[in-house]
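My notes follow in the order I took them.

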Amino acid sequence: MTRVLSGIQPTGQPQLGNYLGALQSWIALQDTADAFYCVVDLHALTVPGEPADLRDSTMAMATLLLAAGLEPDRCTLFVQSHVAAHSQLAWILECTASFGEMRRMTQWKDKSAKGGEEAARLGLLAYPALMAADILLYDTDRVPVGDDQRQHLELTRTLAERFNHRYGQTFKVPDALIPERSRGGRVMDLQVPTRKMSKSSESPQGTIFLFDEPKDIERKIKRAVTDADQGVDAVRYDPTAKPGVSNLLGILGTITGRSPESVAADYTRYGPLKADTADAVVELLVPVQVRYRELASDPGAVAKLLRTGADRANEVASATAARADAAIGLLPPS
Ligand code: TYM
């Protein structure tokens, strides 16, 4: 059976791009794959934050994943820091990667540019090695992620191949599983449709948060930036010339399982397209919000599920970590 693994950071407000780019595939893959999903709390330490916020947001994210449709008897859901092998293998992969290749990662360049390299945490630079560890520990075949994770996936493959070449066959080399950009792979900001929608966005009006009230979702989509085109072919899928309209077509198409081109054929004006997109998003998110409230009322039950998930994850991960330790020459404990 195909093994899949993916992760999501607990920090920031989860948004529609997370759902359409990743969670929708995660949910579907429970039926066809041996699926491992984790809330990557260690990754959140790469930028400043409050300890209490991290604890709360880790729990909230795990609860949200359950509310969205992950079922503990159909997948292994766990918190990254509960499985010690992640940090252990990350170090080995930091010693497999080079400083130069880490420095060339787009995420490092973008995020370190904000506060300056001097202040950026070393963990932010090393982040892709931890992500590679997350993936390689589970002998993963496919990694369901959004388009923005493509570069990290390439690096993971490079590190696995390099390690195998130097120290003998140890890791399975994984493939990414990324929806087409027009099918949820890259959901764009509603106000600046040339920029991806993001949890950490400074554009709350352009971002649909998964916990937004229906009236806020409706308002944000109604005010989404489009263009001044009129006429019968104003509604068409053309991300370069018409990024705003194409983004709405992509969102509606992804939720309803249709191509953006076929959705476009149903409309000649932006108003009805926006109204139907808002309805589809509200219909998608309201049940998730209702289930979230139910599950959040019993945090003990969620914690128990996470413990079971961590036990299952630990069995697979500790065996892979031991294999990597032995391959690289660490003396096994007797
Ligand atoms: P994170 O937490 O930023 O995002 C979680 C998932 O959501 C996808 N995503 C999007 N997809 C489409 N359009 C968007 N606008 C959009 N915004 C976010 C992301 O691609 C991702 O799949 N580094 C990862 C977390 C991670 C991970 C892993 C993923 C850590 N270890 C191992 C896979 C395997 C991240 O920061 O995702």
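I am working from a predicted model, not an experimental one. I note the crossing of helix 1 and helix 10 as left-handed. On the helix 1 side, Leu-16, Leu-20 and Gln-24 make the contact, and on the helix 10 side Ile-251, Thr-254 and Ile-255 do.

Next I looked at helix 3 (residues 51–68) against helix 12 (residues 270–296). I get a packing angle of about 125° and axes 8 Å apart. That angle makes helix 3 oblique to helix 12. The crossing of helix 3 and helix 12 is right-handed. From helix 3, the residues in contact are Ala-60, Thr-63, Leu-64, Leu-66, Ala-67 and Ala-68. They meet Val-288, Arg-291, Tyr-292, Leu-295 and Ala-296 of helix 12.

Last, I checked helix 13, residues 299–328. At 1.5 Å a residue, its 30 residues should span 44 Å, and I find the end C-alpha atoms 41 Å apart, which agrees. Where does helix 13 bend? The bend is at Asn-314 and comes to about 30°. I listed the buried residues of helix 13, among them Val-302, Leu-306, Gly-309, Ala-310, Ala-313 and Ala-317. Thr-320, Ala-321, Ala-324 and Asp-325 are buried too. Just after helix 13, Gly-329 has a positive phi of about 100°.

Key:
Residues numbered from 1 in each chain as written. Predicted model: local features only at pLDDT ≥ 70, side-chain atom pairs only at ≥ 80, totals over all residues. Heavy atoms only, no water. Helix = DSSP H or I, 4+ residues; strand = E, 2+ residues; numbered from the N terminus. Expected span 1.5 Å × (residues − 1). Bend = angle between axes of the 7 residues up to and from the residue. Buried < 20%, exposed > 50% of the residue type's maximum accessible area, 1.4 Å probe, protein only. Axes fitted to C-alpha atoms, helices over the stretch in contact; angles between N-to-C directions. Parallel < 35°, antiparallel > 145°, perpendicular 65-115°, else oblique. Left-handed = near helix turned anticlockwise from the far one by under 90°. Contact = heavy atoms within 4.5 Å.
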